[in-house]
Structure formats: structure tokens, C-alpha cells
Amino acid sequence: MNDLLRILLLAFAACLVLVSKGVKAHEETALDNETLQRFLSDQLDAREGATGKHANNWAVLVSTSRFWFNYRHLANALSMYRTVKRLGIPDSQIILMLADDVACNPRNAFPGTVYNNADRALDLYSNNIEVDYRGYEVTVDTFLRVLTDKVDRTTTPRSKRLLTDENSNIFIYLTGHGGNEFLKFQDAEEVSAFDIADAFAQMWETKRYHGILFMIDTCQANTMYSKFYSPNILAVGSSELDESSYSHHADSDVGVAVIDRFTYYNLEFLEKVEKGSELTMKDLFDSYDPVKIHSHAGVRTDLYNRNLSEVPITDFFGNVQAVEIDEDDDEE
Amino acid sequence: MPPSESAEAIVLRRKVVLSFWAVFVFLGLPLWFHTTTIHRTPLPLSAIETLDNELKDGLGLSRDDDPGLHITVGVKRNCLHGTTTLEISEEVQRLVRKEGTSSVFNLELVDAQECSGCSMPKYTLDCITSDRTPLPKTISDVEEISVYIPSNNGSKEIIASGLYDAFVGDFLFFNKHDLGSIDRAISPTTGIASTLYRGATYADAIHLSFTLLIALDSSESERHIEALSPEFQTEWRAHAEKVWNSLKLGELNRFVTSITFDTDVGFQYMTDHNHEWARVEKDGSPDNLSSLLDTWDLQPITLLTTGANSSAVKVLQFVYFLPPYSTNTKSLSFTVGNWGGVVMAGDTPDLPAAMRTFGRQIDKLLSPVSFSLANGSKSRKVLPHGHEFARIATIMNLRGAVETLSALSRLVTSLPEMAVPSTVRDLVDSAITEWHSAVANLHSNFDQAAENRGLYHAAAAAQFARQAVFDKDMMLNMFVPFEHKIAVYLPLLGPVIVPLVAGLRRVVIESRKKEP
């Protein structure tokens, strides 16, 4: 018995040593590696950075939750979807990923609808939404493949691909359940902050974006952007490490919470934005009030070298159309 | 006390324990290692770096070693008072050497009036004495360059300087060791051309989709009823055929392998437009036109799939819009970068004119227009000139291929958890092979067929490079925290490892006791 105990204790100690070494190893690989640092500074020197103008806008909106009690996450994503569409981003440039198990859920007292407010003034699940990935298609693998465009081109239609280039501004919105440097996908798997950071690195190298606005509304959301290292990324999260994000209110008839606080106050601001609006990203971030949101929203700007007071909201939430009126030509 | 083991039982127990350990060490460990190792096929990273260095060194192209591209400038007689074409040419070369620029192009100056036996000049040099600003004209393929001279007898230095300024910073002269300048000079960085120029170099297929868009609530209008008639559709096809045929025969085919068109007219109807249309009626500014465009949720009628190796099919949409009935509807057309073009019919729809406009829009969107120069100004409009453009496009494709391969190299080095399948290695090897073929054809001494082949090889190199970097099996293995791995493996392996270790320990102790 003593022998057995001794063996178990030895094994446990060995595991502890291995665990601590393993965690450190990945961090070194991801961040402290000299090659990566050099790569990053080379890219910052070689590429123009965020000062040039973008030419098109895309949005990737993901609700990572499923099940009825996560109604609010679907409503969050659909609210953002409605906003970016209103400001001009067409469906062909929006990738919407939802579990989509709420509108027709048997528990839904208002079948075929999704509301983000107890007053039920606006049905987000109207007949004009285009969900690109639904149900069990919403996985970490799918998400990362969409970002890096490493998809099977023989079977993936164009509408489900993120066809961006080096002139594209991308708004990436994630909502669901998260923790310290991870985000749950449909209660089955997780994506880590490292994975998303590495995916963005691949996007930068393959010239798939001009600028990214990364917005995440989960618990401990700010930890998800802590590992980014690619240029031209503006990141905002709803809560800090060890802090939860909260829902805003529930609808007593629907029976569950219908919107999260961080997303609610973002929408409150964005409802004031029209296509030609002069409001800036700084205005949006200045509007965050920890008292109202019940958590401390964070913004990461060190990878984004533009002054936020000069970046219009519509640079990420709206769309750019390079319309050029033709000159009158002589008749042939 | 348990009964003592017999000698045979002890031997058997030892054999069992050692057998388990043998299986664990010689079979289990290698199998575990093999199945958990991320498969990374070695890539020829040094070969990629060599390509990058070759490009930075100018691909071995020089004006002295390789006549390269031939540019003929016909010099008008008003420039040749007191000097000769030879003297002007020598002075231009002196300026080139002095400024440290070089060129893959060979400049030849000829007397514009006496050019028997020489190739048709692509440019004409005109010397102007007044301060009248000449309108830039393009007569067929000839482009005029104007140089101001103070009197009727311009010196060779003034004329050469004007000619040098006309070309340098443009796509003809570039610093051999700074290919960034050629990129800035010949790659439009903003506007319509920049978003499509890459499409012209990389896209292996372009699909043009034509749509007739009708404002549904004005269907009582005669022109809308007419548009729905079969006769209108027949007329549409007849006029569209002319546009399509001219594109097929045109220069676009030099660098795009496939252009396809919707052969049927797509009809779409819009309903929710009144607010935006009212704004456009009042003010047809680009912003209002953009808002109107946002209300059109057009989908191309046919989406092509061009096979397993296609990178992207660039789809351009052309819309003939019949607006709501209005008394002041003026015909208007506009283009949208990376999207297509729109012709809005006026009170009297004119289908032939609309088709001609579509043709011009297609040409505008798919042909480089003017370039942003390093000093921030715009160059003149340059139409693609056959083999000259082929060489430019070749160099741009080569540059793109090397950039893509270098990006792949950096990613593979910096992300050790990224799998690298063998297909990626094959694609990289193919890209490098095509790259070398393209460069060999660039040294072809003005052989147009070879230059076209070079362009094909360069486009293929860029294509293979893109396929390699976007290979769907080259995915990053997801990060799983080590503590999570321990948490998974410990309950799995713990119950197995404990008796193995305990059994081995007992065998070892017994062996030591045996020793005297």
C-alpha cells in the first residue's frame, strides 16, 4: 500500500512539472520567439499599416451558443447583423454563423421570431436574413477555416467564403460563453485566444485584411484578444479577466434574457449612426460605462496605428462603395 | 498471509510484466509518437529565399545584356531642329545612368516622318513652344508625349529631360534594386483599378453577369412593359453579342484565361426603393447612388465553378436599371470598383447605347487606367500595349508569387503547430518550376510568343503559390492547454500505468534480493 501511494505521489508530481513546462512552452512559441518578433516588425515596416484607405467591408458574426436558454446570444448576433446591413454591408459580404435553434424552438412563445427587447418592437428573424452557417456547422474548425479561407473550393459556395483582400476592413463579432483565453463553441469544444491570434497572423500574411475590428461579448472577454500579435487589429471586449458579462433584461413572455448588456449599449450607440455619420470609433468606446454594462469593457489599440478619433464608425460597421460616375463619351 | 508464490509463478509473473513493458515501449510509444506528431512536409525554404533575392536583383534583366522590351518613340520634326534622334537618345541614357535608374525596356527614337522599315511607334514626341496645354489624345495605339521647349530650337538636353520625365516614375524606368518603385508605379494603389488589378493578374476566370432591373411598382410604364417583351430580350442578346465578341478578341485574354458571360438576361424586380430613389432623383451624387445600390440585393444569375484548382472566379455585375417613372429621368451610368457597372435608362431607353456603355465600363474596370506615382501624382492613362503589358504583368505575377511563397515560408516557420501536407510541397515545387520558366522567357530578346509564354508561366507560378498557401489541409492544430491534456490522459492512462509500474518495481526488488 505504501508502495502504491509512493508511486501515485511521484506520478502526480511529475504531472505538475510537465504542466507548468508545457504552458510556458506554448507562450514562448507564440510570443517570445525571435522569428515571430522579427516577422512582426518586418510586416509593420513593409506594409503601409492602417493609414491607407480600405476599399470594401466585410463582417463575420458568430453566435457560439446553442440551446434555448442562450437565446440572448443569438439575439446579440442578429442585432449586429441588422446593424451592419442597415449601414450598407450587403449579405454577400456578411458571414453569419448561428446555431439557429431559437426561432422555431418549441419553447418559443412567438414562433418564427427573435427579439432583442422586451417591447418586441423589432423582429430580428425577419424574412430577409441569410444565415451562412447554421446548427452543427458552427464549429471551431469552420470558424478558423472561414477566417483563413482554407476551405474545400469544390464544395464551398462563394457565399460561405470570406473573400477579402488586402483592402478589406473586417468586423468580427463573437458572442457566447467564454473564459480565460477561451470561447466555448456549442458546448462541445473551445477555441483559444492563441488559435484566433494565429489565424489572424495567417490572414495578415496572406493579405486578407486591411483592418480588423474584433468585438467579443462573453465572460472574461478581454482575455481573448490578449494574444493577438498581427498589425491593424482593433479589439474590444466586454469584460476583464475574472469578470463576467451579464444580460441586460429578460422578456417575461419569452421566458429568457433577450440581450446582453455590452451588446445592448453598443446597439444604443449604433442606432444613432447613419451612413454618412461622422461619429468615430473613439466616440463609441467613450460611450462605454462600466456602471451600465456591469463590467469593464476593454479596448486594445496598440496594434492599430490610427488615431481612433479619426476613424469613422462606418469604416467597420458600414460599407464603402467606390462609385464613379461615368463621363459622357461620344456617341459611336 | 497470502500463500507464497511458486517458482514457476514468479517466473511467469516476471515474463508478463516485462511483456507488457515491451509492448508499451516498442509498440505503444512509437505508435503514440507517430499518431500525435504534426505532419510537416519539409518545404524548400532556401529555394524560396533565393527567388526573393533574384527578384530583388532585377531578375538578371538589364538594358545592356538584354534588349528586352522595345519601345519606339516617333520624334516629330519640330523637336529635331539642331539635334538628332541619336543625340536625344544618348542624352536620355545619360540621364538614366546619372539617376541610377535602369529599365527592362529598350528605348528607340525614330524620326516620326521617316520611319521606313521600323515598327509602328507606340509613342510620339511633340515639342511645343507655346504654353498651350495639349489635350492628351490616344489615337488607336499611339500616345502623344508633349515637351515644352523655349524656342523653335530645343536643345537635346531639354528634349531628353522632358522625355525622361515622361517615362521615369512611370512603368518604363525603375530602380533595379528597388522593385518597390515599379510596384508603386505600375500598381494602382487606390480606386477602381487597384481593387481589380490583382484580379487581372491572379484571377483565372472572370464572369460577367448582366441583369435587367425593373422598379416593380412602375410596371404601368410603357418602357417597363416593353422591357418584358420577348422582342426586347432578342434585341438585348443581339447587342450584347457584339460586346462579348469584342472582349473575347481583345487584349483582356492575354492575362485572364477565361471570360464567361451570362447568356440569358436576368430579370430582377425591386420594390423597396422609393426612399433611395427619391434621393437619387434629387441628387445623383456617388453617395446617393451608393445608397441605392445597397437596396439591390443582386445575385449573379450563374455562379461558376471552374474546377478543383480555381482560386477565385471574379464576378462582375452589369445592371440596366429601369427606374420608376419620372418626368426628369436622365440617363446615367456609373461603375463600382470590384462590383461592376450600372446604366440607368432615361425617359427613352436606348439599348444599343447601354450596351456600348457596358463595353466601356468593362474595359475601364479590367484595364489599368492610370497609376499612382511615387510622388503622389497620377501618371497618364496607359492602355495595355501588347507585349509591353505582357512583360509588366509577368513581373507583377512573379512578384506576387514570391511574396506568397515568402509568406508561406514565414507562416510555416513561425507556427510549428501548423500541419504541412505533402500536397503543399508539390504545389510549391510547381510554383518554383513555373517561376524559372517565366524568368527564362523574359530573356527572350523580344520574342512576343515567348513573352506570352512567360506571362502564362508567371501567372501559373502565382496561382500555384496561392493554392499552396490556401491548402485546406494546412490547418493549424488547435491549441490545447497542457493541463487539459493531462486532465484527459491521466484518468485514461493512470489505471493502466500504476499496475505496470508496481509490477516492474517488484521485479526489480526481487532481482536485487537474489544478488548475494
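Predicted model: local features only at pLDDT ≥ 70, side-chain atom pairs only at ≥ 80, totals over all residues.
Visitor: Let's start with chain B as a whole. How many helices and strands does the secondary structure of chain B come to?
Guide: Chain B has 516 residues, and 49% of them count as buried. It exposes about 25100 Å², with carbon and sulfur atoms supplying 57% of that. As for its secondary structure, the tally is 15 helices and 11 strands.

Visitor: Take contacts in chain B between residues at least 6 apart in sequence. What share of them join residues at least 24 apart?
Guide: A contact here means heavy atoms within 4.5 Å. Among the chain B contacts you describe, the share joining residues at least 24 apart is 76%.

Visitor: Now helix H1 of chain B. Where does the kink in H1(B) lie?
Guide: H1(B) runs over residues 7-36, so to speak a stretch of 30 residues, and it reaches 42 Å from its first C-alpha to its last, close to the 44 Å expected at 1.5 Å a residue. Look shortly before the proline Pro30(B) and you'll find a kink of about 35°. The residue where it lies is Gly28(B).

Visitor: Which helix do the buried residues of H1(B) pack against?
Guide: The buried residues of H1(B) are Arg13(B), Arg14(B), Val17(B) and Trp21(B). Their packing partner is in chain B as well, spanning 482-514. That's helix H15.

Visitor: Is Val25(B) buried, partly exposed or exposed?
Guide: Val25(B) lies in helix H1 of chain B. Along with Phe26(B), Leu29(B), Trp32(B) and Phe33(B), Val25(B) forms a nonpolar patch on the surface, and together they have about 570 Å² of accessible area. Buried means under 20% and exposed means over 50%. Val25(B) has 33% relative accessibility, so it counts as partly exposed.

Visitor: On to salt bridges. How many does a search of the whole structure find?
Guide: The search runs over all chains. To count, a side-chain nitrogen of Lys or Arg has to be within 4 Å of a carboxyl oxygen of Asp or Glu. The total comes to 28.

Visitor: Which residue forms a salt bridge with Asp286(A)?
Guide: The closest N and O atoms of the pair are 2.8 Å apart. The two residues sit 4 residues apart in helix H7 (residues 281-286) of chain A, so about one helical turn separates Asp286(A) from Lys282(A).

Visitor: Which residues of chain B are joined into one network by salt bridges that share partners?
Guide: One salt bridge in chain B is the meeting of the Lys472(B) and Asp473(B) side chains, at 3.5 Å, N to O. Lys472(B) is partly exposed at 30% relative accessibility, and Asp473(B) is partly exposed at 42%. As for the network, salt bridges with shared partners join Glu5(B), Arg13(B), Arg14(B), Arg506(B) and Glu510(B).

Visitor: Is Glu434(B) buried or exposed?
Guide: Glu434(B) is found in helix H13 (residues 422-442) of chain B. Leaving out residues up to four places away in sequence, Glu434(B) touches His457(B), Ala460(B), Ala461(B) and Phe464(B). The cut-off is under 20%. Glu434(B) has 17% relative accessibility, so it counts as buried.

Visitor: Back to chain A. How many residues of H3(A) are buried?
Guide: H3(A) covers residues 71-86 and reaches 22 Å from its first C-alpha to its last, close to the 22 Å expected at 1.5 Å a residue. Gly88(A) follows the helix, and its phi is positive, near 115°. H3(A) is mostly covered, with a buried count of 13 of its 16 residues.

Visitor: Last one: what separation do the C-alpha atoms of Thr175(A) and Val62(A) have?
Guide: Thr175(A) is found in strand E4 (residues 168-175) of chain A, and it is buried, with a relative accessible area of 0%. Not counting residues up to four places away in sequence, its contacts include Val62(A), His73(A), Asp217(A) and Asp260(A). Thr175(A) and Val62(A) are 113 residues apart along the chain, yet their C-alpha atoms are separated by 6.5 Å.

Key: Residues numbered from 1 in each chain as written. Chains lettered and ligands numbered in written order. Heavy atoms only, no water. Expected span 1.5 Å × (residues − 1). Buried < 20%, exposed > 50% of the residue type's maximum accessible area, 1.4 Å probe, protein only. Bend = angle between axes of the 7 residues up to and from the residue. Patch = residues over 30% accessible without salt bridge, like charges linked within 9 Å, V, L, I, M, F, W, Y side chains within 5 Å. Areas by Shrake-Rupley, 256 points an atom, 1.4 Å probe, with all protein chains shown as cover.
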